[in-house]
Amino acid sequence: MRALEPYLPLLLRGIPVTLEVTALAICLAVAAAFALALGRLSPWAPARWGAGAVVETFRGTSALVQLFWAFYVLPFFGVKLPPLTAAVLVLGLNEGSYFSEVVRSALTSIRTGQLEAAVALHLPARYRFFRIVLPQVLPVMMPPFGNSVVGMLKFTSLVSLVTVQDLSFRAGAIRSAIGSSAATYSVTLLVYFGLAIILGGGVRLLERAVNRWAGRDAHAAAGAAGARASTVPAWAVLAR
Amino acid sequence: MLSNTDLGRQPAPAASAGVRPLAAMRGVVKSYGARRVLDGIDLDLREREHVAIIGPSGSGKTTILRLLIGLERPDAGDIVIDGEHLWFERRGGTVVPAGERHARRVRRAVGMVFQHFNLFPHMTALQNVREPIVQVLRLGREESEAQAADLLRQVGLDTHLHHRPAQLSGGQQQRVAIARSLALKPKIMLFDEVTSALDPELVGEVLRVVRELAHATNMSMVVVTHEITFAADIADRVLMFDAGKIVEDGPPAQVLKDPANPRTRQFLRAILER
Amino acid sequence: MTGLRWDWATAWAVLPDLLRGLSLTVEATVAGSIIALFLGLCWTIVRVGRIPVVSPAVQLLVEFLRGTPFLVQLYFLFYVLPTYGLTLPALQTGALGLGLYYSAYTSEVFRAGIEAVPAGQWESCLTLGLPLWRVWAGIVLPQAMRIAVPMLGNYVIVMFKETALLSTITVMELTAQATNAGFRTFRFVEPLTLVGLLYFLLSYPAARLVHALEHRGAVQH
């Protein structure tokens, strides 16, 4: 631990890099998720097929391979992306493909009756989307979104393998410099854990704001979380 | 015979020809959070007595049953089953709150049939009924199969022994549930709105089984139901619950035909005018 | 001018190496899955069991495993374990890391499966006076597993793809073979694309199968 101290600032300077990649990639992921979900729900067959192909491709192969592909193979196709861009692209599209399933199931869960009623009332399409669909869809998507955000944070550790100097990259470099793996990686793990807790808390605040905007009172939202009280009765668990 | 007491005041013991009641509740209070569901209940159940309980939802009818079989613990008051306290035991000369093992032993005398059957979905009808016979009575394979098959025959399902619940109608499932709870030969049988979850045309077959049990066995029965005619038919006594208290108690001829309490009158009118 | 041309010669040349890597990938997946399932069940039993001190500790461990990157956990195991005298071959370290990380997820699946068993099942067990071990072994866990198995299947598929990260701790699995070949021959297109295809060809049908299982399970309930 003593050996690590002088290098600590260097390590911690990876935090803004990690957070930057996380933020950029999450934005791309959300955009991609909606685009892909709407594509798969589109009545136009080529859109459905195209979006489906993208989703299955990104979900069906290893993320690391996708990253290497963007980093090593794309240049041969004349596409020379800076490492950060390539990383954000892959991370965003990959996570976006997974999250698009969440968006898709949330969108299909809107009872068609409500949409038909809205159409019958001659409500304009934009109104329908923003005032009827979105308020019902967004709250449902928030918990998985929280998972995606924390998942993305962990995901960004991969960018260290394509020369982006995030936390993991610096941890590796410092480890080989001082030779003390336990201290270096323990601290790194704790920093990630701390960031995960903070980001998770941030998303929960966002979740509460979304619930308020969507008109769900705090009681209902908390009820959904409190309903997670265990079905396992006390008599089945606590020692006699 | 029955009274509601204020919380904390000990009532005079219910004397009826010196015969100890099979089950008794004294000053039982139960709340769920801020809601007081039972507000100081006194209740006696005699041997071979059939009691029907009616009342609006939320009045505490189901809670009474759940307390009698020990699914829930009362917040205050005492429950005695067949001479033993359900939630108190005597340990080394002092009376202490009882643990799970004691409660398990005392509640053996009580059986319950649920509104939603609660059959084990991954087992056949026969296996469902065998389960308590094997696990609690500790009988061997042949003996347990014979007893289980016999019970299922009694409820008219001997042709469906090897069907799973998913392959049975609601009425059939409920009859399996009844057979299963009879396996341990309880002294008291509780029925919690056992036909409320059934399609109307399936209600009759279940009521038939319950009626047979009422006539053919020596069990005490407590039946929570909305089926007023059925209650009139099998009950010795009808209790009307409202807002956590027993507001009326008497023979069916009185409570159901000519109730004294206006609340009972109001409830019956509403339910019979459907 | 190595370019958009696909060189079949290179493709065929690297294929044997790739397949050799694939066998390591499969090995790591199987070992990792076994560890993940076993540990996950252990964590869940402790968490559901509400044992004082131990249960919250395990809860924290699971949160920690889920809240930190797999890559860094791998590095930790690979570099730190030997300093405590435990020098495992890279593949075993990798499988251990894989199993450990995903045990946090499988634990969640097991817990969800148990929680999904309707309360009425517990209630009839109590009213029938069934002994506690039987309630768990004969009634609750079989129903919980029916719900959990498809989700667990999904995680096995995820683990299969995540074995790629073992390449960072010198395990010559599928991805490592590809990058290795790339550095050797200066052609990355063929190895990486083939590897991508291999992952896809193995994981996609498996995913459809698990999806079908999920549906069948749902219908029966």
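Visitor: What is the handedness of the crossing of helix 4 of chain C and helix 6 of chain C?
Guide: In this predicted model, helix 4 of chain C and helix 6 of chain C make a right-handed crossing. By class, their contact has 19 nonpolar, two polar and one charged residues.

Visitor: And at what angle do those two helices of chain C pack, and how far apart are their axes?
Guide: Helix 4, which covers residues 90-116 of chain C, packs with helix 6, residues 132-162 of chain C, at an angle of about 145 degrees, and the axes of the two are 8 Å apart.

Visitor: What pLDDT does chain C average?
Guide: The average pLDDT of chain C is 90, and 96% of the residues score at least 70. For the complex, the predictor gives an ipTM of 0.87 and a pTM of 0.84.

Visitor: Switching to chain B, where is Phe117(B) found?
Guide: Phe117(B) lies in the loop between strand 8 (110-113) and helix 3 (125-135) of chain B, and its phi is near 65 degrees, which is a positive value in a residue other than glycine.

Visitor: Is Phe117(B) buried or exposed there?
Guide: Phe117(B) has a relative accessible area of 13%, and because the cut-off for buried is under 20%, Phe117(B) counts as buried.

Notes: Residues numbered from 1 in each chain as written. Chains lettered and ligands numbered in written order. Predicted model: local features only at pLDDT ≥ 70, side-chain atom pairs only at ≥ 80, totals over all residues. Heavy atoms only, no water. Axes fitted to C-alpha atoms, helices over the stretch in contact; angles between N-to-C directions. Helix = DSSP H or I, 4+ residues; strand = E, 2+ residues; numbered from the N terminus. Left-handed = near helix turned anticlockwise from the far one by under 90°. Nonpolar A, V, L, I, M, F, W, Y, C, P; charged D, E, K, R; others polar. Buried < 20%, exposed > 50% of the residue type's maximum accessible area, 1.4 Å probe, protein only. pLDDT = per-residue confidence, 0-100.
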